[in-house]
There are 2 protein chains.
Amino acid sequence: MKSDNDRLALYEARARIIKAMAHPSRLIIIDELAKEERCVCELTEIIGADTSTVSKHLSVLRNAGIVLDEKRGNQVYYRLRVSCILDFFGCVESVMQAVARDQMRLVR
Amino acid sequence: MKSDNDRLALYEARARIIKAMAHPSRLIIIDELAKEERCVCELTEIIGADTSTVSKHLSVLRNAGIVLDEKRGNQVYYRLRVSCILDFFGCVESVMQAVARDQMRLVR
DNA sequence: CCTGTATTTGGCAATATAGCCAAGTAGCCA
DNA sequence: TGGCTACTTGGCTATATTGCCAAATACAGG
């Protein structure tokens, strides 16, 4: 039988992973990595922030276990650890659509 | 053609929804509401925090469009707006398993 | 070895989040 | 009306996050 503490620990572990995704720049990174692996400089270009900022975003994703990094020569390449991450977006989108639909109903 | 601004706005909207889920107590709430609707006092009991704290968590979920509320008599009942929210957990779990697997490999 | 490029880390200021208590609002029932 | 229960909101403090600059580290090539 699981104790309350076990249950809390499980939800805390889940929250850590979800929190790691809860930032626009990190969602862009995830979307890019879903297409193919990228080095930090490419992601920096795409996001348009300071390299150090992007590097820190990547470390958040890495610490959460969402991405893997591999140093090749001068560069560090990142890729998704599991690809199902993208399934998130489908559901997020349907929340957004449901909200939009309900607001539409109010206006009419 | 979408501008960079449009793209950013989309990812910001997604991030708002995901961020609303990024807290252990709110994940517990989502899990409970997936079973059946609940009033604030029931959720407060389950979570074991101050009523005002739970109420604020619920307002975060409501503002994100994840839950709907309905006042019936003295109580306010909350329910999920879309049920696919639960799909998140499957993927989160597989991240956790992949991490565990890799750590296992290091130890061996 | 020296230089330039790629990346990470430390440090800091601005901002956001979390949780509690206290106070306010709303509906029920006597 | 008065009191009770359910819930939300305001206000506060503690803590976490974000993003920049500057400095440190790692590596490739001459």
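Predicted model: local features only at pLDDT ≥ 70, side-chain atom pairs only at ≥ 80, totals over all residues.

**The largest pocket and what lies around it**

Modeller: In the lining of the largest pocket, the largest share, three residues, comes from α1(A). Residues are numbered from 1 along each chain as its sequence is written, with chains lettered from A and ligands numbered from 1 in the order in which they are written.

The pocket search uses a 1 Å grid over the protein atoms alone: a pocket is an open set of points where a 1.4 Å probe fits, with protein on both sides within 12 Å along at least five of seven lines, and a lining residue has an atom within 4 Å of a point. Rolling a probe the size of a water molecule over the atoms shows where empty space is left. The largest pocket holds about 200 Å³ of space, where a volume is the space filled by probe spheres set on the points, and points are joined across faces, edges and corners.

Its lining consists of D4(A), R7(A) and L8(A), with S25(B), I28(B), I46(B) and I47(B) from chain B. The elements that give two or more residues to this lining are α1 (4-21) of chain A and, in chain B, α2 (24-35) and α3. By class, there are four nonpolar residues, one polar and two charged. In this scheme Ala, Val, Leu, Ile, Met, Phe, Trp, Tyr, Cys and Pro are nonpolar, Asp, Glu, Lys and Arg are charged, and the others, Gly among them, are polar.

Now to the DNA. A residue is near a strand if one of its heavy atoms lies within 4 Å of that strand. Around DNA strand D there are 23 residues, and H57(A), C41(B), S55(B), K56(B) and Y78(B) come nearest. Of the atoms of DNA strand D within 4 Å of the protein, 65% are in sugar or phosphate, the rest in bases. A polar contact is a pair of N or O atoms within 3.5 Å; within protein, one must be able to donate a hydrogen and the other to accept it, and residues adjacent in sequence count only if both atoms are side-chain atoms. The elements giving two or more residues to the surface near DNA strand D are α4 (51-63) of chain A, together with α3 (40-47), α4 (51-63) and β3 (75-80) of chain B.

DNA strand C also has 23 residues around it, of which C41(A), S55(A), K56(A), Y78(A) and H57(B) come nearest. Sugar and phosphate make up 61% of the atoms of DNA strand C that come within 4 Å of the protein. K56(B) has a polar side-chain atom 3.0 Å from a base nitrogen of DNA strand C.

Two strands pair if DSSP finds at least two bridges between them. In chain B, three strands form an open antiparallel sheet in the order β1-β3-β2. Here β1 (38-39) and β2 (67-72) stand at the edges with a single partner each, so one side of each has no neighbour in the sheet. β2(B) and β3(B) pair over six bridges, and D69(B) stands opposite Y78(B).

In chain A, an open antiparallel sheet of three strands has the order β1-β3-β2. β2(A) and β3(A) pair over six bridges and form a hairpin with two residues between them, where G73(A) in the turn has a positive phi of about 65°. Y78(A) is the bridge partner of D69(A), and R38(A) stands opposite Y78(A).

Definitions and conventions. Heavy atoms only, no water. Helix = DSSP H or I, 4+ residues; strand = E, 2+ residues; numbered from the N terminus.
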